[in-house]
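Student: Could you take me through the charged and aromatic side chains of this model, with the cut-offs spelled out? I'd like one close look that connects the pieces.

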Amino acid sequence: MSGTIELLSATLAKAEAEDRAALVAYLPAGFPTVDGAIEAVKAVIAGGADVVEIGLPHSDPVLDGAIIQTADDIALRGGVKIADVLRTVREAHQATGAPILVMTYWNPIDRYGVERFAAELAAAGGAGCILPDLPVQESALWREHADKHGLATVFVVAPSSKDARLATITAAGSGFVYAASLMGVTGTRESVGNEAQELVRRTRTTTDLPVCVGLGVSNAVQAKQVAGFADGVIVGSAFVKLLLDAPDLPAGLTAVRALAGELAEGVRRGREGASSAP
């Protein structure tokens with residue numbers, strides 16, 4: 001079975017055709033449990049998310065802030081395995097028909113086996129991988145197997161990325177480009193700075209791939225702001241925090257579905273505001 005990179009591309013293109021940004025949600029596998037994570041993915045999609053990133057919990061994160069680290073620790077102590085991550089992708093995709101990616105650091109894939117992971121992710125109906133710590137110059141083996149199995153390879157660019165580096169990264173990537181809105185780790189923030197808009201502008205000069213912005217977006221106001229200049233708005237920590245703070249899973253699922261609905265409205269209003277601006 002081939003992966004679903006074409007579904008990912010079609011989903012992002014559909015959002016663009018509707019003159020809005022796509023809403024991309026992030027949730028870690030195995031949190032609060034494997035079954036609970038699958039239900040959470042269904043909830044955010046039911047609320048209005050277009051695409052979902054499933055985090056592969058890792059003991060030594062470099063991009064994830066305290067909220068996601070806490071959820072990952074719960075998942076790891078619960079014994080989550082790569083098989084559970086792939087099951088999450090499979091069941092969420094089968095239930096919703098939405099494109100599901102895995103966001104993971106490189107070491108788990110390297111240890112599991114590059115070809116094996118790519119083949120099994122594709123068989124699960126996955127759309128690709130976001131690989132925040134895999135240098136482009138060391139990514140040829142992964143990209144070979146990703147291309148073979150119909151998977152996107154999404155790289156992360158940052159405000160510190162020089163123009164030549166942006167061009168190198170975007171030339172190697174597929175699916176979309178993940179633009180980190182600021183220097184630092186994931187987490188909710190009071191505002192999303194102007195650096196993000198400038199990064200999107202610079203990235204677009206190097207590629208026709210959609211550019212989706214993450215890190216710091218947590219509410220509809222911020223989603224509206226980012227949707228005015230980006231092709232997609234990525235939200236993770238805000239969803240995870242709701243699940244962490246909820247008294248039980250049903251309450252958490254209700255909360256994340258509601259937030260997804262608010263954010264989905266935000267990404268629509270943001271594009272409308274941008275199109276009507278002088």
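Tutor: R20 is buried at a relative accessible area of 4%, where buried means under 20%, exposed over 50% and partly exposed in between, computed with a 1.4 Å probe on protein chains only. This is a predicted model, in which local features need pLDDT of at least 70 and side-chain atom pairs count only at pLDDT 80 or more, while totals for chains, interfaces and linings use all residues. Residues are numbered from 1 along each chain as its sequence is written, and side-chain values use heavy atoms, leaving out hydrogens and water.

The partner of R20 is E18, and their side chains meet in a salt bridge with an N to O distance of 2.7 Å; the term asks for a side-chain nitrogen of Lys or Arg within 4 Å of a carboxyl oxygen of Asp or Glu. E18 is partly exposed, at 38% relative accessible area. The pair belongs to a network of salt bridges that links K14, E18, R20 and D50. By this rule the model has 13 salt bridges.

Another one joins R87 and E91, whose closest N and O atoms are 2.9 Å apart. Both residues lie in helix 4 (residues 82–96), 4 residues apart, about one turn of the helix. Helices here are DSSP runs of H or I with at least four residues, strands are E runs of at least two, and both are numbered from the N terminus. R87 is partly exposed at 28%, and E91 is partly exposed at 30%.

Helix 6 (residues 114–123) holds E120 and R116, also 4 residues apart, about one turn. Their salt bridge has its closest N and O atoms 3.3 Å apart. R116 is partly exposed, with a relative accessible area of 44%, and E120 is partly exposed at 29%.

R116 leads on to the aromatic side chains: its charged end sits over the ring of Y112, 3.8 Å from the ring centre. That wording requires NZ of Lys or CZ of Arg within 6 Å of the ring centre and within 35 degrees of the ring normal.

Now for the rings themselves. There are 3 aromatic pairs, counted when ring centres of Phe, Tyr and Trp (its six-membered ring) lie within 6.5 Å; planes under 30 degrees apart are stacked, over 60 edge-to-face and the rest tilted. W106 and W142 make an edge-to-face pair, 6.4 Å centre to centre with 80° between the planes. W106 is in helix 5 (residues 106–112) and W142 in helix 7 (residues 140–148), so this pair ties together parts 36 residues apart in sequence. W106 is buried at 17% relative accessibility, and W142 is buried at 0%. The rings of Y112 and F117 have centres 6.1 Å apart and planes at 85°, so they too are edge-to-face. Y112 is buried with a relative accessible area of 17%, and F117 is buried at 0%. W106, Y112, F117 and W142 together form one aromatic cluster.

F117 and W142 turn up again in the largest nonpolar core, which has 98 residues: they are among those with the most contacts inside it, a group that includes V44 and F239. Such a core is a set of buried Ala, Val, Leu, Ile, Met, Phe, Trp, Tyr and Cys residues joined through side-chain atoms within 4.5 Å. V44, leaving aside neighbours within four places in sequence, is in contact (heavy atoms within 4.5 Å) with residues including A25, V52 and F239.
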